[in-house]
Each structure stands twice: as C-alpha cells, then as structure tokens.
Amino acid sequence: MKTFYTFITILLISVYSLAQSNDDQKPAFKFVTETINYGKIALGSNGVRVFEFTNTGKSPLIITQVKASCGCTVPKKPEQPIMPGEKGKIEVSYDTKRPGGFSKMITIFSNAKNARKTLKIKGYVQKVSAPEKEKNMLSEDS
C-alpha cells in the first residue's frame with residue numbers, strides 16, 4: 001500500500017511539472033500600453049486608435065476573437081498568427097458622433113498563457129457648435 005501512495009505521489013508531481021513546462025512554451029502578450037486615452041476630441045473626429053503588442057512567448061500567438069463592451073466600439077484583430085518576437089496590432093474604432101465621456105473595455109481571446117486579456121479606451125467627445133454662416137456680400141441682409 002505504501003508503494004501505491006508513493007507511485008501516485010510521483011505521478012502527480014510528474015504531471016504537475018509537465019503542465020508547468022508546457023506553460024513556458026505558450027505565447028504571451030506584451031502591450032506598449034493597455035489603456036488608450038483619447039483625451040478631449042471633437043464630435044465626428046477620427047476615432048481609430050491602435051494597440052501595439054509583441055509576442056514574448058515561444059510559440060505563435062493566435063487571436064481567436066476580440067470583443068468590445070458595446071456596439072459603439074469596433075475592434076479589428078490580426079488575421080495571421082503572430083510569431084515569437086514579432087509585433088502585432090489591434091485596431092479599435094470608437095464612434096465619435098456620441099458626445100460626452102466614454103470608457104470602454106476590449107476583451108481579447110487567444111491561445112496565450114492568459115487566454116483572456118482586457119484593454120481599455122477612454123476619453124471625452126466635445127460637442128462642438130456649428131460654425132456661423134458667413135455673410136454673403138451679395139445677400140440682401142441689412
């Protein structure tokens with residue numbers, strides 16, 4: 001019976017050590033920044049920003065899905081695997097036709113050590129008044 005418990009203990013230690021070494025082979029993200037602050041931007045301005053990252057792991061990084069916390073944010077994932085040491089980009093487009101403050105989360109699903117990764121965008125869309133109509137010299141306004 002003692003030999004049986006010794007065998008089980010050795011088996012569990014072996015399985016645990018194999019699981020640990022397998023994690024060392026998985027890909028990993030290293031982002032330049034995990035939060036993009038748009039700051040104060042004008043209504044209807046360009047809402048596209050890019051999150052840049054590097055695969056710091058030892059195998060290809062495959063991003064299976066990228067989801068935003070609402071429909072006003074549209075993320076775009078890389079279509080090809082990111083090889084070890086290579087850089088990749090996740091493009092995020094925010095609808096800047098909505099005035100006011102915003103804070104949105106983007107969730108990345110991949111084969112990395114941490115299968116889920118969250119990124120954040122935030123900022124404030126200013127409501128800009130329409131420019132005054134220029135007076136036409138030929139108009140008959142008095």
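Strands, like helices, are taken as DSSP runs numbered from the N terminus (E, at least two residues, for strands; H or I, at least four, for helices), and two strands pair if DSSP finds at least two bridges between them. The model is predicted, so local features need pLDDT of at least 70 and side-chain atom pairs count only at pLDDT 80 or more, while totals for chains, interfaces and linings use all residues. Residues are numbered from 1 along each chain as its sequence is written, and side-chain values use heavy atoms, with hydrogens and water left out.

In β3, threonine 54 is the bridge partner of lysine 30. Strands β1 and β3 (residues 48-55) run antiparallel and are joined by 3 bridges. An open sheet of 4 strands, paired antiparallel, has the order β1-β3-β6-β5. Its edges are β1 (29-31) and β5 (73-76), each with a single partner strand, so one side of each has no neighbour in the sheet.

Salt bridges (a side-chain nitrogen of Lys or Arg within 4 Å of a carboxyl oxygen of Asp or Glu) number 3. In one of them, the closest N and O atoms of glutamate 34 and lysine 117 are 2.8 Å apart. Glutamate 34 lies in the loop between β1 and β2 (35-42) and lysine 117 in strand β8 (residues 116-126), so the pair ties together parts 83 residues apart in sequence.

Accessibility was classed as buried (under 20% relative accessible area), exposed (over 50%) or partly exposed (in between), with a 1.4 Å probe and protein chains only. Glutamate 34 is partly exposed at 38%. Aspartate 95 and arginine 98 form a salt bridge at 3.2 Å between the closest N and O atoms; aspartate 95 is partly exposed at 28%, as is arginine 98 at 43%.
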